[in-house]
Amino acid sequence: MSSGWKAEILAVYRKELQTELRSKSGLVTAGLFSFVTVVTISLVLFNKNVNAPGSGLQDISAGLVWVVILFASILNLPRTFLLEEEQGTADLLRLFARPHAVYWGKVLFNILQVLGTATLVSVLFLGFTGTRVSVPWIYVVSLIGGSCSMAGAVTLCGAIVAQAANRAALAGAIAVPLLLPLVQLGVTGMRAAFGSGLVGGGQAAAVGLVAYAAIMLAIGPWIYAAIWKT
Amino acid sequence: MREALRALSLPAERTAAPPRIESAKGFAHSQKGLLLFVLRVEGLGKRYESRWIFRGLAFSLGAGDRLVVLGRNGAGKSTLLRTLAGLVQPSEGRVELPPEPRRSLGFSGLEQALYPQLTVDEHLNLAAELRDCDARADELLDQVELAYARELPASKLSTGMKARLKLALAIQPRPQVLLLDEPGASLDEQGRGIVEAVCAEQASRGCLIVATNDPTERRLANLELRLES
């Protein structure tokens, strides 16, 4: 990658970071949502042994972790493109930048956001509910792979629907088929990490999440470039 | 003195809904533009659903050409400039620009927004990094007389100050093609003087197109194109 591309991508990334740190809208929304949801879940599970084999609570915990990460993330991620269209600043990017640089700058910022959200949710969830991680590497790889996949998928959805008239319906139609396999792989990985599912299945799911992230990040810039000026 | 323009291209085929564009002085091909064009437009048309905003536009501009686009509100002046800048896709025809438009084209539009959280300096630095050109922040801010506000975020700028910043962003890479949409609309007398100086400077390095409905801005140009409903 030439220094011109790097500088362009970093400029978009820094712009996203500066605007988010100054407005704090995404950080506050994701943080509050994560905190309130995890506290609510921990109140429901209060006084229950979530690590007891055969109780089924490990499976539920695995699903809940991904539900919290998913919803905390999709509250903000599509905004990176939608906001540009709504406030009219997308024209500046179209005039000054190349589409691949814009996409990479934004997706890197979104990966940072989802990883931050996933880490926060993890710490809160494990801390409040007392869930024990039996296979830490599957947990970490699932979390990182899942976060990158989600950032890639939701950024792409945001980019596609940003210019559409009926955004909500289109976003749903595109996001569901993109996110469902991701959540399924994430839950499978997390179940294995919590000691409920098979370790082999968990490994496959973790690898699947990394592959999913690679596919999303590889095709995203090309799709975005195709819709860049339409 | 305004050059006489001759009609070179008119839409050959009239559709059921008549084209909305007519040029009072014909469609422009300046003599310089014909020899060595900086910007060339061929059969350009834009329509929204069944309504043509303009159609059959053809002109070419060379270095030193300054074209003013006149017309009533809604005649399609801004749409034409946005189409030339690549922000709007034409329904037909094509626009030929110099290579690397992000550096060779400058555009300042009324509807163009700025990032509310970023300061004046940060806007210039961001644009320079994206275009891979020199930021020239001190020089540009002196030129548009906005140096005193360089640390202010765009959300704290007045409309006129924003117009000055947009002008600075447009001329930052020393573009060969400069497109200004209603450049004096929100500027005071001093600001309009800055626009005049920028237009004069542009003539030495490329071509200029100004869209306006202010008759006094006709003096910024040596060519005219009138869009009529």
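What share of the contacts in chain A with a separation of 6 or more comes from residues 24 or more positions apart? It's 82%, where a contact means two C-beta atoms, placed from the backbone, within 7 Å.

Before going on, a word on the model. It is predicted, so local features need pLDDT of at least 70 and side-chain atom pairs count only at pLDDT 80 or more, while totals for chains, interfaces and linings use all residues. Residues are numbered from 1 along each chain as its sequence is written, with chains lettered from A and ligands numbered from 1 in the order in which they are written.

Chain A has nine helices and zero strands; helices here are DSSP runs of H or I, at least four residues, and strands are runs of E, at least two, numbered from the N terminus. Its C-alpha atoms fill a box of roughly 60 × 35 × 35 Å along the principal axes. Of its 230 residues, 47% are buried, meaning that 20 or more other C-beta atoms, placed from the backbone, lie within 10 Å of a residue's own.

Where the two chains meet, chain A and chain B put in 20 residues each. On the chain A side, helix 1 (3–23) and helix 5 (90–96) each supply at least two residues, and helix 1 gives the largest share, nine residues.

Key:
A residue is buried if 20 or more other C-beta atoms lie within 10 Å of its own, exposed if 12 or fewer, and partly exposed in between; C-beta atoms are placed from the backbone.
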